[in-house]
Amino acid sequence: MSAALPQSSLRRSAVIQRRVLGALLVREMLTRYGRHNIGFLWLFVEPMLFTLGVTALWTATKSVHGSSLPIVAFALTGYSSVLLWRNMPGRCIGALWANLALMYHRNIKVFDIYVARLLLEFGGATVSFAVLSVAFVSFGWMSPPEDFLKVAGGWLLIAWFGAALAIALGALSHESDLVDKLWHPVSYLIFPLSGSAFMVDALPPFAQQIVLTIPMVHGVELVREGYFGSQARAHYDLGYLVPVALALSFVALLLVRRVALRVVPE
Amino acid sequence: MTVIERLKSVDRLFIAVVIVPTIIGLIYFGFLANDIYTSEARFVVRSPNKDEASPLSLVLTGGGLGGGGGGNAESVTVIEYLQSRRALTDVDQDGLVSRAYGGEDIFWLDRFGGIFGDSREEFYRYFQTKLGVAEGTNGQVIHLTVSAFAPGEAQQINARLLDQAEKLVNSLSERARADAISIARQEVAQAEEAARKAAVMLSRFRNEQGIIDPELEAASDLQMIAKLQDELIAARTQLLQLETYTPQASQIPFLRAQVRSLQKEIEQQRGGIAGGSRSLSTAAMRYQELQFNAEAAGKQLTAALASLQEAQAEGRRKQAYVERIADPSLPDYATQPRRIRNIIATFILGLLAWGVLSMLIVGIREHRD
């Protein structure tokens, strides 16, 4: 823990952790999707079907989103990012209870279980977003993003925030069932406010100020700016999102350490 | 234990993530960063035709792309202008802006041309970071803020921007006014031309036919026929009486001749009014057409004159204009950088990052063979 330990020991530990994570990933995929029909492909087919359905619905109803942006691209960027931040906490809440038996192994830590599930969710959402983007672009339903780096940056920031939120809620849920009960209504309430269904610019100024206190909005706006560039005026402040995500990560890690001390293997 | 040994014993991560950034922040915010003064102006772009906006257009502008709140088209134009390259060029004509941000006494990190080169595009981007154009919470008042390294320069740049915005709005409404009037003038000229043509046609027709008004003339001709018919009846009655009572009267042949000539005259008069290509009824048809044309042209001219007058009256009322609520202020102390606050923020963020990183590393170290 101190600088007294040789550097190679940290590297060795990292290698072990990576192996643990790899094994947990495979285990998660098998327990969740099994080997039937298309197996682990459900990982990204599931969110893809969700996004496709929402895109079709929004296109059919010509949903009011307060801008002249192409609806397909708008729905894809909006709903994919919702999947990203909403599924992570969903999967992490109660994750420890399901994996308590594994805690007998010396090298499997509480944090590893959360990270494995987060990686899985992140991978699924990302592959779904990427595959649908490529498909829609090649069908000519939308144009490729104007600034790929901005899209990637926004996406990673949403993922960071979602992951920190997921770990914090996951650790809390181990001690109280309330978290699980409350998360579902809360996530549904935040969904329409998270910037996925509207551009912040379309709101009146006082509503913009309120909406911009929700951290996800900044990430979604950044993704949108990367996609639409000059067509849309995005409102985001990385000076708000990054400190919030950092602080939340800190809290999340503290909670994990607390849970790790108290966890009782079955 | 010397100081250096003591420092070595502290976690290296802590030094890298907390102490070094805080020291850099301390040096930068404490000594290097220049004071930034912000000048603020507030104004409204008024346009008299706002009342005519239908609920639909209110919804559209309220939910439009650049709309923000209930901003009207003019204020959107002004906002777009203030953020445009043209505004920067207009304000920087004598190099005021370049001098304000490129001074040698400004720390090179904050100075324009310090690290990113001094192309016009970079200058525009740089200026955008110093410029704030925001709609107030009700979407009507526009807040224009300019930050600079000297209070006077901030105020001067802000004032120039405001003046340019005012000029833009004035020229836009002047243009709209001139357009409206010139269109109305054109319409008046066209109507005048049409009315003149119609009048000329009518008078030429009168000259050619030798008739002032065919209907009046027909009426007088009909009167003549009635009189002739009276006479004819009188002559016939007399003739009948003479033939009955004094068949040998010497007036009989005379009366017969009179009756004949009267009948002939009546026939002729009737022919003049109706029937035949040179009769009055044919002329009346053509005459009515011409007169209708003349009347229509006259009415059109009246309408065109009225709309010209209206356009001129409209123009006398100012169309859209900038109303200043607060002139560009002269900041008397530097609001930026908030030195203590930024140093503390750097320290806290460093601590958070250190906490996260060290916990992650501890987490990794827990995995052992």
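## An aromatic pair in chain B

Trp354(B) has a relative accessible area of 26% and is therefore partly exposed, a value that, like the others in this report, comes from a predicted model. The ring of Trp354(B) forms an aromatic pair with that of Phe14(B), the two centres lying 4.9 Å apart and the planes making an angle of 80 degrees, an arrangement classed as edge-to-face. Because Phe14(B) belongs to helix H2 (residues 12-32) of chain B and Trp354(B) to helix H12 (residues 339-365) of chain B, the pair ties together parts that are 340 residues apart in sequence.

Over all chains, the search of the whole structure finds seven aromatic pairs.

## A charge over two rings

Arg86(A) lies over the face of Tyr188(A), at 5.1 Å from the ring centre. The charged end of Arg86(A) also sits over the ring of Phe191(A), at 5.8 Å from the centre of that ring.

## The sheet of chain B and its helices

In chain B, four strands form an open sheet with antiparallel pairing, in the order S2-S3-S1-S4. Its edges are strand S2 (131-135) and strand S4 (321-326) of chain B, each of which pairs on one side only, and neighbouring strands of the sheet are turned against each other by 25 degrees on average, with direction ignored. Strand S1 (residues 37-46) of chain B runs antiparallel to S4(B) and is joined to it by five bridges; Val44(B) has Glu323(B) in S4(B) as its bridge partner.

Helix H4 (residues 73-82) of chain B packs on this sheet, where it touches S1, S2 and strand S3 (141-148) of chain B, and its direction makes about 150 degrees with that of S1(B). Helix H7 (residues 120-130) of chain B packs on the sheet as well, touching S2 and S3 of chain B, with a direction at about 55 degrees to that of S2(B).

Notes
Residues are numbered from 1 along each chain as its sequence is written. Chains are lettered from A and ligands numbered from 1 in the order in which they are written. This is a predicted model: local features need pLDDT of at least 70, side-chain atom pairs count only at pLDDT 80 or more; totals for chains, interfaces and linings use all residues. Side-chain values use heavy atoms; hydrogens and water are left out. Rings of Phe, Tyr and Trp (its six-membered ring) pair if their centres lie within 6.5 Å; planes under 30 degrees apart count as stacked, over 60 as edge-to-face and the rest as tilted. Helices (H or I, at least four residues) and strands (E, at least two) are DSSP runs, numbered from the N terminus. Buried means under 20% relative accessible area, exposed over 50%, partly exposed in between (1.4 Å probe, protein chains only). A charge sits over a ring if NZ of Lys or CZ of Arg is within 6 Å of the ring centre and within 35 degrees of the ring normal. Two strands pair if DSSP finds at least two bridges between them. Axes are lines fitted to C-alpha atoms, for helices over the stretch in contact, and angles run from 0 to 180 degrees between N-to-C directions. Contact means heavy atoms within 4.5 Å.
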